[in-house]
Amino acid sequence: MQDIQAYHVVEQIFKSQFEQLKACAFRYVNDWETAKDIVQNAFCELWIKKDEMRFDEPEAVKAYLFKTVCNRSINAVNERRREIYSLDETHETQIVEAYMETYYMQNQERTLLMKELKSEVVRFVRTLPPQCRKIYMLSRSHELKNREIAERLGISVKAVEKQISKAIQGLKDHLRSKGLIN
């Protein structure tokens with residue numbers, strides 16, 4: 001039964017996301033055939049790891065695939081650079097430029113990941129009950145201490161701590177389900 005569910009989820013994601021995944025890989029490798037190979041290999045790896053995956057959460061599977069494609073694309077670019085450039089002094093400029101480009105791409109990927117993470121945090125916080133959301137926002141956005149929040153809201157410090165713990169645990173569970181944290 002697990003294999004059938006996995007097959008249907010993978011098939012649906014393949015049909016709906018293949019072109020997007022290929023475009024993501026292309027942004028790094030600048031070659032459509034290589035991009036296509038990277039995406040196909042990512043799907044093969046997903047299928048090999050199907051027993052470890054949670055196919056009842058298609059969004060987490062999709063996030064896993066995008067992360068895998070990005071990582072494999074960066075690896076392909078790095079491998080290509082290793083083949084092209086030797087450590088010969090005549091290639092120093094190319095080596096430095098290659099390093100800077102790789103550094104830029106990795107930071108760009110981190111920036112995109114951080115934007116996605118921030119978006120999911122905001123989405124989750126909006127789902128919190130009003131009092132819990134207010135306490136969480138006072139703690140995290142306004143950087144108030146638990147005692148200050150308790151005084152401001154007229155509740156006990158223990159109640160503040162409980163609400164913050166509840167919000168943080170819920171947030172962690174939400175981000176795990178989206179494949180953004182382990």
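Biologist: What is the mean pLDDT of the chain?

Modeller: The pLDDT is the predictor's confidence in each residue, from 0 to 100. Where it is low, the predicted coordinates should not be read in detail. Here the chain has a mean of 81, and 81% of its residues reach 70 or more. Among the elements, helix α6 (residues 146-153) has the highest mean pLDDT, 93, while helix α4 (residues 92-127) has the lowest, 74.

Biologist: How many helices and strands does the chain have?

Modeller: Both are DSSP runs, numbered from the N terminus: helices are H or I with at least four residues, strands are E with at least two. This chain has seven helices and zero strands.

Biologist: And how much of the chain is buried?

Modeller: Buried means under 20% relative accessible area, exposed means over 50%, and partly exposed lies in between (1.4 Å probe, protein chains only). Of the 182 residues, 34% count as buried. The accessible area, from the Shrake-Rupley method with a 1.4 Å probe and, for residues, only the protein chains shown as cover, is about 12200 Å² for the chain. Carbon and sulfur atoms supply 53% of that area.

Biologist: At what angle do α5 and α7 pack?

Modeller: Axes are lines fitted to C-alpha atoms, for helices over the stretch in contact, and angles run from 0 to 180 degrees between N-to-C directions. Under 35 degrees counts as roughly parallel, over 145 as roughly antiparallel, 65 to 115 as roughly perpendicular, and the rest as oblique. Helix α5 (residues 130-140) and helix α7 (residues 157-177) pack at about 90°, with axes 9 Å apart, and are therefore roughly perpendicular to each other.

Biologist: Which residues make that contact?

Modeller: Contact means heavy atoms within 4.5 Å. From α5 come C132, I135, Y136, S139 and R140, and from α7 come V160, Q163, I164, A167, I168 and L171. They divide into eight nonpolar, two polar and one charged; Ala, Val, Leu, Ile, Met, Phe, Trp, Tyr, Cys and Pro count as nonpolar, Asp, Glu, Lys and Arg as charged, and the others, Gly among them, as polar.

Biologist: Is Y136 buried or exposed?

Modeller: Y136, in helix α5, counts as buried at 9% relative accessibility. Leaving aside neighbours within four places in sequence, Y136 is in contact with V121, V125, L128, S141, A167, I168 and L171.

Biologist: What about Q17: buried or exposed?

Modeller: Q17 sits in helix α1 and is buried, with a relative accessible area of 9%. Not counting residues up to four places away in sequence, Q17 touches K62 and F66.

Biologist: Where is N30, and what is its phi?

Modeller: Most residues other than glycine have a negative phi. Phi of N30 is near 55°, a positive value. N30 lies in the loop between α1 (2-29) and α2 (32-48) and is exposed, with a relative accessible area of 59%. Phi of E143 is also near 55°; E143 is in the loop between α5 and α6 and counts as exposed at 66%.

Key: Residues are numbered from 1 along each chain as its sequence is written. This is a predicted model: local features need pLDDT of at least 70, side-chain atom pairs count only at pLDDT 80 or more; totals for chains, interfaces and linings use all residues. Side-chain values use heavy atoms; hydrogens and water are left out.
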